[in-house]
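Me: Hi! Could we go through this structure together, one bit at a time?

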Amino acid sequence: MYSQRDVSSCNTYNYGDALYWDSRYIQEAGAFDWYQRYSALRPFIRNYVATSARVLMVGCGNAVMSEDMVKDGYEGITNIDISSVAIDMMRKKYEHMPQLKYMQMDVRDMSFFPDDSFDSVIDKGTLDSLMCGADATISAARMLAEVCRLLKPGGIYVLITYGDPKVRMPHLSRPVYNWKIALYTIPRPGYQKSAGSASSMKSYLEPIPLTVDGALPPDFALEDPDCHFIYVCQKVDETGMMHVVQQF
């Protein structure tokens, strides 16, 4: 299932192809963070991911988000990307920072890691990239199955995406994952609120209630039509219990 934003983002670049990313990182060596910087995402990350958590950053690219998280107190982040060019670059850049590990890996096959390896998986645009590749639905299912396998019971998958619930919830809400999902929105960087807007950072931190079908409420209006969506997917443990960190 695709949104118009899926289609428009895929028309120009083949974001699902490793060769595209290798070429891009060779040509553009400077750091680049997709969608949002950590400073904007920090309230959401800190609310759900403990600084002592074992974190997996999928599709890390050459972003500085993991570096920013370590500076904020996070103790260990494993970063993977399909591009060997990006991984080589980041290993050299952060060889002085033992909290960060970098590995070349395809998110559709993370069999290097055993089950229940991580407390949290963070994804800033990687699922979106797969939605631009060949066999998008199959690729997404393979990735999400691997993410679920690697999460410990009670673990958190944080997905930052441009995909609204209509196109992302069918992938995320499959019963096999056993995820409890909370949805948030965050305006795109540089968005200017309209005069008289009553929104605040506090209001962005309030989850959006979804319908029983996993859709936005009919009367819900997005303040920024081009906002990013944050899906917090918690793997319910065997007892049905969930665990919330809430640390700021």
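**Talking it through**

Me: What is the relative accessible area of N178?
Reply: The relative accessible area of N178 is 43%, so N178 is partly exposed. (Buried is under 20%, exposed over 50%, partly exposed in between, with a 1.4 Å probe on protein chains only.) This is a predicted model, where local features need pLDDT of at least 70 and side-chain atom pairs pLDDT 80 or more, while totals for chains, interfaces and linings use all residues. Residues count from 1 along each chain as its sequence is written, and side-chain values use heavy atoms, without hydrogens or water.

Me: Thanks! Where is N178 found?
Reply: You'll find N178 in the loop between α8 (165–172) and β6. (Helices are DSSP runs of H or I with at least four residues, strands are E runs with at least two, numbered from the N terminus.)

Me: And what is phi of N178 near?
Reply: Phi of N178 is near 60 degrees, which is a positive value in a residue other than glycine. Most residues other than glycine have a negative phi.

Me: What about D116, what is its phi near?
Reply: Phi of D116 is near 55 degrees, again a positive value in a residue that is not glycine. D116 sits in the loop between β3 and β4 (118–124). With 38% relative accessibility, D116 counts as partly exposed.

Me: New topic: how many aromatic pairs does the structure hold?
Reply: There are eight aromatic pairs. (Rings of Phe, Tyr and Trp, using its six-membered ring, pair with centres within 6.5 Å; planes under 30 degrees apart are stacked, over 60 edge-to-face, the rest tilted.) One of them is Y48 with Y184, which is edge-to-face: the centres are 6.3 Å apart, with 65 degrees between the planes.

Me: Nice. Why does the pair of Y48 and Y184 tie together parts that are apart in sequence?
Reply: Because Y48 lies in helix α3 (residues 38–48) and Y184 in strand β6 (residues 179–186), the pair ties together parts that are 136 residues apart in sequence. Both Y48 and Y184 are buried.

Me: And why does the pair of Y94 and Y102 count as stacked?
Reply: Their ring centres are 5.9 Å apart and their planes are at 10 degrees, so the Y94 and Y102 pair is stacked. Y94 has 4% relative accessibility, so Y94 counts as buried. Y102 also counts as buried, at 6% relative accessibility.

Me: How many of the 11 residues of α3 are buried?
Reply: Eight of the 11 are, so α3 is largely enclosed by the rest of the structure. The buried residues of α3 are Y38, L41, P43, F44, I45, R46, N47 and Y48.

Me: OK, last one: how many residues are in the largest nonpolar core?
Reply: The largest nonpolar core has 35 residues, and those with the most contacts inside it are I45, M69, I122 and I230. (A core joins buried Ala, Val, Leu, Ile, Met, Phe, Trp, Tyr and Cys through side-chain atoms within 4.5 Å.) Elements that give two or more residues to this core include α3, β1 (55–58), α4 (65–71), α5 (84–93) and β7 (228–235).

Me: Which element gives the largest share of this core?
Reply: Helix α3 does, with five residues.
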